[in-house]
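Hello,

Here is the structure I promised to pass on to you. Have a look at it first, and then read on for what turned up in it.

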Amino acid sequence: MFIYLDNAATTKPCSEAVSAAVSAMTENFGNPSSLHRVGLNAQLVVDNARKIISGSLGVDSSSIVFTSGATESNNLALRGICTAYGRKRRKIVASSVEHASVDETLSALEKSGFEIVRIPPRSDGRFYVSDFIDSCDENTVMLTMMYVNNETGYILPVKETFSAVKRKFPEIVTHSDCVQAYMKMPVKANALNADLISLSGHKIHGIKGAGALYIKKGIRVLPLITGGKQEKGIRSGTESVPLICAFGAAAEKFMTDISERFSRVTELKEYLISHISGIDGVTVNSPDDGSPYIINISVGKRSEIMLHFLESKNIYVSSGSACSKGQKSGVLEQFGISGKNADSALRISMTAETTETELDEFISALREGTESIRG
Ligand code: PLP
């Protein structure tokens, strides 16, 4: 049995997404910028996807800019705001557990003269609103805070923090990387008090290569890519119509039953945790109230060794402390998971289609792995 438990890395495209992409390639293959009917038809399907995605966030469709993925959305959000507003206000406040596409961009901005304040979780592994507010001041240009952490599933207090910041410093631009929350829990721009939101198509059963940045009306984001002024001049370059249509189709499919799927995945999380907690040397790193879609555990053996052992059984998970290509991100350490526990961390990430039978296979392979792998 092929068991895929690495859905936080990427998801299998749903059939609706694949059909939408094929139809865009075979029927609506025009350039959305062309003035003739073929171009107009391509523009119409792109705008339909824009309408679906904006509707899911509860915003106007003119506030969605399509990008190549959330890495680009995060870069555009951070660099685009700093270029627009960062001449006088030179400080950015962020959580210390952001995805590399935010964190590395912050480091680059730091080199160009911005002050970056990274707020870590406290010793109890939790984030506190007041820590963010106390770090903000008149010199702060933006606050960036992911909604769900991609390594542990921890849910950050975005709504509470953004609301408090807006009350005290309405000028500060708020940005949230909502990649691991979108279509898994409600993500509404107004409720979150977010000026900018980053999304990725392939994490919601779309296809790799399409993402979006929500930009609240009135907020100025200067482009990273200049050229033919597509996407209202904020992201030049011919839109990838097939990938955007796939993104829209996936969003349309999954936006209807978010709470039912959340309940189902919560049951799966409880099932998994109750069965693995009895395995010698296995501990759960994710918080009880984290996203049920992501469960981080330590297995007592080096992550990579266990990952390949599971792979030999046709079971696919992620090494829990890796941000990309096996490199350590340091995020687990920020959450107080260090040393052997970080080196032996695995990330299991599910969908509502994951079954108990698949989890049983995983649990039994994990048990076998902990007993049979030496050292
Ligand atoms: N932000 C988070 C929280 C992620 O988990 C990821 C992907 O792992 C990204 C951003 C980057 O997304 P993309 O692959 O669309 O560039």
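Predicted model: local features only at pLDDT ≥ 70, side-chain atom pairs only at ≥ 80, totals over all residues.

**Around the ligand**

Aspartate 177 has a polar side-chain atom 2.6 Å from a nitrogen atom of the ligand. For glutamine 180, a polar side-chain atom lies 2.8 Å from an oxygen atom of the ligand, and histidine 202 likewise places a polar side-chain atom 2.8 Å from a ligand oxygen atom. On its own the ligand would expose 400 Å², and the protein buries 86% of that area.

What is the shell made of, by class?

**From the ligand into the core**

Leaving aside neighbours within four places in sequence, serine 200 is in contact with Ala70, Val179, Ala210, Gly211 and Phe247.

Next comes leucine 199. Not counting residues up to four places away in sequence, leucine 199 touches Ile53, Leu57, Gly69, Ala70, Ser73, Cys178, Val179, Tyr182, Gly211, Ala212 and Phe247.

The largest nonpolar core has 66 residues, and those that touch the most other members are Phe66, Tyr182, Val187, Ile197, Leu199 and Phe247. Which helix gives the most to this core? Helix α8 (residues 241-254) does, with 10 residues.

Apart from this core lies another one, of 30 residues, including Leu5, Ile294, Ile315 and Ala352.

**Isoleucine 348**

You will find isoleucine 348 in strand β15, residues 345-349. With a relative accessible area of 0%, isoleucine 348 is buried. Beyond residues up to four places away in sequence, isoleucine 348 touches Leu5, Leu272, Tyr293, Ile294, Ile295, Ile297, Val317 and Phe362. As a guide to distance, the C-alpha atoms of isoleucine 348 and isoleucine 204 are separated by 16 Å, while the two residues are 144 apart along the chain.

**Helix α6 and its cover**

Helix α6 runs over residues 158-168, and its buried residues are Val158, Thr161, Phe162, Ser163, Ala164, Val165 and Lys166. What covers them? The cover includes α5 (129-135), β5 (140-144), β6 (173-177) and α7 (189-192).

**Two backbone angles to look at**

Methionine 183 has a phi near 70°, a positive value in a residue other than glycine. This methionine is found in the loop between β6 and α7. Is methionine 183 buried or exposed? Methionine 183 counts as buried because its relative accessibility is 4%, and the cut-off for buried is under 20%.

Histidine 205 also has a positive phi, near 75°, and is a residue other than glycine. It lies in the loop between β7 (196-200) and β8 (211-215). At 13% relative accessibility, histidine 205 counts as buried.

Best wishes

Note on methods. Residues numbered from 1 in each chain as written. Heavy atoms only, no water. Core = buried A, V, L, I, M, F, W, Y, C linked by side-chain atoms within 4.5 Å. Buried < 20%, exposed > 50% of the residue type's maximum accessible area, 1.4 Å probe, protein only. Helix = DSSP H or I, 4+ residues; strand = E, 2+ residues; numbered from the N terminus. Contact = heavy atoms within 4.5 Å. Polar contact = N/O pair within 3.5 Å; in protein donor to acceptor, adjacent residues only side chain to side chain. Areas by Shrake-Rupley, 256 points an atom, 1.4 Å probe, with all protein chains shown as cover.
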